[in-house]
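Please keep the sequence and the 3D view open while reading.

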2 protein chains.
Amino acid sequence: MPKPTIEAIDFFYLSNPQILDIADGSQDALLVRIQGAGVEGWGECEASPLVSIASWKCPMSHSACKPLSQSYLGKIVGSPEDIKALHHLARSQSLDLLQADHTLSGIDIALWDWLGKVQERPTFELLGFKQSFSKRAYASTLFGQTPEETYQKALEIKDSGFTAAKFGWGSFGQKDVQWDEDLIQAAREGLGSEHDLFIDAGTVWKENVQEAQQRLPTLKKHNIRWLEEPFENDALLAYSQLSKLNPHTPLATGEGCHCFLQAKNLIEFGDIDYIQIDPGRVGGLTSAHRVALLAQSKGIQFVNHTFTSTLALASALQPYLGIEEFELCEYPVSRSEVARAISPSTLNLNAGWVTIPEGPGLGVIPDLKALAPYEKTVEIKIDHELVFKSKPIL
Amino acid sequence: MPKPTIEAIDFFYLSNPQILDIADGSQDALLVRIQGAGVEGWGECEASPLVSIASWKCPMSHSACKPLSQSYLGKIVGSPEDIKALHHLARSQSLDLLQADHTLSGIDIALWDWLGKVQERPTFELLGFKQSFSKRAYASTLFGQTPEETYQKALEIKDSGFTAAKFGWGSFGQKDVQWDEDLIQAAREGLGSEHDLFIDAGTVWKENVQEAQQRLPTLKKHNIRWLEEPFENDALLAYSQLSKLNPHTPLATGEGCHCFLQAKNLIEFGDIDYIQIDPGRVGGLTSAHRVALLAQSKGIQFVNHTFTSTLALASALQPYLGIEEFELCEYPVSRSEVARAISPSTLNLNAGWVTIPEGPGLGVIPDLKALAPYEKTVEIKIDHELVFKSKPIL
């Protein structure tokens with residue numbers, strides 16, 4: 001049998017009718033479809049849709065600043081090694097095209113899905129795992145606008161059967177220490193003392209260690225299992241310094257990584273405890289799986305970062321599905337309209353544990369009929385010639 | 001007098017009639033023009049033009065993924081602190097928009113030029129320097145296709161009066177060690193033994209320390225002053241490991257940094273000797289100047305990265321013009337057609353030393369008449385509505 005060829009790659013820009021100025025990253029989406037050998041694969045970029053589309057079809061600037069279409073279209077892919085080789089090629093040929101990392105992330109995910117379907121095997125097997133393990137879900141949501149609202153959200157999460165939850169963003173870290181304590185206390189009271197509670201500062205202190213240090217006593221008092229993203233993703237020195245201060249709070253970060261090496265740097269130099277990887281940003285499953293293996297060898301916990309659709313969630317679990325000691329899974333519970341439309345069902349939860357559908361590929365197929373009303377058309381012309389025109393999803 | 005307002009920001013996509021599949025990054029350009037208070041400021045992004053334009057006007061995805069226009073347009077800017085505050089705002093509001101760093105780089109440069117012209121002061125003074133020092137130029141060019149061609153290029157550089165030169169990219173590092181030695185030897189013979197010779201590997205070995213190590217004896221034998229970019233920009237561990245191997249060769253890198261923190265990481269953890277910063281990528285003069293001050297405090301040499309126009313070169317010198325011990329300057333000598341059109345003249349060279357024009361702002365004004373033939377028009381529509389349409393440069 002001849003090796004299957006990438007015959008077409010299409011991008012679908014989906015959006016809620018209205019985008020609100022809030023931290024909810026599930027308000028729009030960019031889906032990638034690979035077609036070839038009579039099979040379709042799907043992936044999702046965690047990225048600005050229009051800008052990523054531009055990086056797919058922009059004119060070449062020089063040999064290390066090419067559009068991603070030059071690396072992927074028409075290529076033959078018959079094995080995991082072929083996907084990895086294309087990933088390597090794309091990063092070299094688009095070295096100076098910054099957005100390319102976010103865009104190739106979705107392409108890479110779709111390729112792993114597609115190859116799984118071509119070979120009728122689940123993606124985690126293609127990645128080299130013999131079995132998949134259930135993961136303990138933590139409900140991931142934003143702080144309420146007030147402590148009272150946060151308390152109500154936490155209560156609902158507890159009542160839904162989760163054994164862990166994370167609250168983040170909103171006004172946390174932007175007022176004073178007492179305000180943050182009030183928010184944390186409300187979350188803890190709603191969730192109950194027996195469950196794991198994580199706090200996500202959303203990079204609010206940039207690289208200011210002192211600001212973060214002031215919150216350590218509060219975090220300790222309420223038994224917070226990790227402090228997430230106190231600083232920007234690249235603030236290695238700040239992470240390393242905070243990790244040595246008392247009272248000790250485990251640190252989690254990494255969602256901002258747009259390549260394997262940034263995650264490696266956090267692991268090697270950041271003294272963090274949890275590395276959080278979004279395959280839709282880090283370079284797809286190819287990079288995410290490398291990070292998971294590195295984390296395992298270094299004794300650091302790997303966790304997915306997902307705040308969007310069930311398709312994104314199913315792909316984000318693949319890189320560590322077969323590693324039993326990586327127990328936790330970020331499980332978004334406040335998905336917006338368009339994210340729910342991508343796949344109405346969520347992954348199965350059983351007493352707070354997630355299992356992955358064992359279909360071929362990722363096991364989740366987007367619901368195109370439900371999505372059609374959310375599609376935005378895109379047209380890009382250079383010197384009056386069409387360089388990109390989106391296709392209807394149906 | 002009221003503080004001046006940013007009334008308009010426009011992007012101009014310029015390109016050679018043909019883009020060749022070679023490493024020459026000067027084949028196209030993206031200029032940024034700021035207008036306000038009756039004055040124009042200019043900057044240049046070292047970036048894919050179309051993708052950067054998209055990041056200026058894309059729809060908001062969420063509160064941390066906004067187009068750059070939301071951060072800059074209509075803002076009042078009366079002081080360097082105002083420019084820095086806008087930089088901070090833009091990076092927060094576009095945290096998850098990867099391309100934003102490359103785009104805001106050109107905007108930030110144009111703002112420093114504009115404020116200089118508004119206040120009738122050179123940009124380096126706005127950055128806090130009392131005087132500017134001449135820099136010793138090293139002629140920056142690509143390896144020839146063969147050792148013989150490389151030899152001829154080196155001979156020409158020597159005859160032009162330079163006291164230092166850098167050769168890079170092409171086939172270097174992609175064949176065997178003997179080929180690399182032949183290229184280096186040719187460059188050394190052409191340049192002469194009395195001048196400084198630098199070698200740029202263009203990230204060819206990714207993070208493979210062994211590949212780089214095999215070239216160390218050759219580099220030593222030909223008295224190479226630095227090895228540039230043996231690895232990808234984020235390969236901190238590889239840089240640190242190579243720096244400790246014998247025979248010791250000083251390491252230079254950093255052109256790939258798209259924010260201050262990445263440069264800080266190279267300085268703190270990479271054990272490098274030279275940090276090379278392109279303001280058109282790193283976040284403009286705001287970030288580049290921070291890197292220069294950090295490098296000074298850490299005893300690391302700061303050097304510009306520039307391979308394009310005289311406008312880019314003039315802006316790339318500003319962050320360290322006032323720091324006498326940072327002596328070197330990358331000086332492109334193979335600018336392509338469109339880069340020469342941006343500003344036909346190069347910066348003054350005197351016995352191999354560069355001086356900056358002391359006009360207000362950056363001191364270099366693009367030649368719009370010469371540029372007009374190179375302009376490419378861009379139109380972007382979403383749901384059939386125009387979200388971006390380029391303006392004629394004339």
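1. In strand S16 of chain A, A:Phe388 is the residue that stands opposite A:Ile380. The two strands concerned, S15(A) and S16(A) (residues 385-389), run antiparallel and are joined by 4 bridges; strands are said to pair if DSSP finds at least two bridges between them. Helices and strands here are DSSP runs, numbered from the N terminus, with helices (H or I) needing at least four residues and strands (E) at least two. The hairpin that S15(A) and S16(A) make has 2 residues between the strands, and A:Asp383 takes a positive phi near 50° there.

2. Before going further, please note that this is a predicted model, in which local features need pLDDT of at least 70 and side-chain atom pairs count only at pLDDT 80 or more, while totals for chains, interfaces and linings use all residues. Residues are numbered from 1 along each chain as its sequence is written, and chains are lettered from A and ligands numbered from 1 in the order in which they are written.

3. Chain A as a whole holds 16 helices and 16 strands. Its radius of gyration is 21 Å, close to the 21 Å that the globule rule gives for 394 residues, so chain A is as compact as a globular protein of that length; the radius is taken over C-alpha atoms, and the rule is 2.2 Å times the number of residues to the power 0.38. The C-alpha trace of chain A spans about 60 × 45 × 40 Å along its principal axes. Of the 394 residues, 59% count as buried, a residue being buried if 20 or more other C-beta atoms, placed from the backbone, lie within 10 Å of its own, exposed if 12 or fewer do, and partly exposed in between.

4. Contacts tell a related story about chain A. Two residues are in contact if their C-beta atoms, placed from the backbone, lie within 7 Å, and among the contacts in chain A with a separation of 6 or more, 75% come from residues 24 or more positions apart.

5. How are the two chains related? A rotation of 180°, with 0.0 Å of shift along its axis, superposes chain B on chain A with an RMSD of 0.0 Å. The two copies are thus related as by a two-fold rotation axis. The same surface serves both copies, since 98% of the contact residues of chain B recur in chain A. The superposition is by least squares on the C-alpha atoms of residues with pLDDT of at least 70 in both copies.

6. Where the chains meet, 52 residues of chain B are in contact with 51 residues of chain A. On the side of chain B that touches chain A, the elements giving two or more residues are H1, H4 (100-119), H10 (236-243), H11 (260-269) and S15 (378-382) of chain B, and H11(B) gives the most, with 6 residues. Strand S15 of chain A (residues 378-382) is also joined to S15(B) by 5 bridges, the two running antiparallel, and the bridge partner of A:Glu379 in S15(B) is B:Lys381.

7. The helix H11 of chain A (residues 260-269) is mostly covered, with 8 of its 10 residues buried. Among them are A:Phe260, A:Leu261, A:Leu266 and A:Ile267. A:Asp271, which follows H11(A), has a positive phi, near 55°.

8. Which strands of chain B make up the open sheet of 4 strands, and in what order? The order is S3-S2-S1-S14, with antiparallel pairing. S3 and S14 (375-376) of chain B stand at the edges, each with a single partner strand, so one side of each is left without a neighbour in the sheet.

9. Within that sheet, S2(B) (residues 28-36) is largely enclosed by the rest of the structure, because 8 of its 9 residues are buried. S1(B) (residues 8-15) pairs with S2(B) in the antiparallel sense over 8 bridges, and B:Tyr13 stands opposite B:Leu30 in S2(B). On the S3(B) side (residues 39-45), 7 bridges join S2(B) to its antiparallel partner, with B:Val32 opposite B:Gly43.
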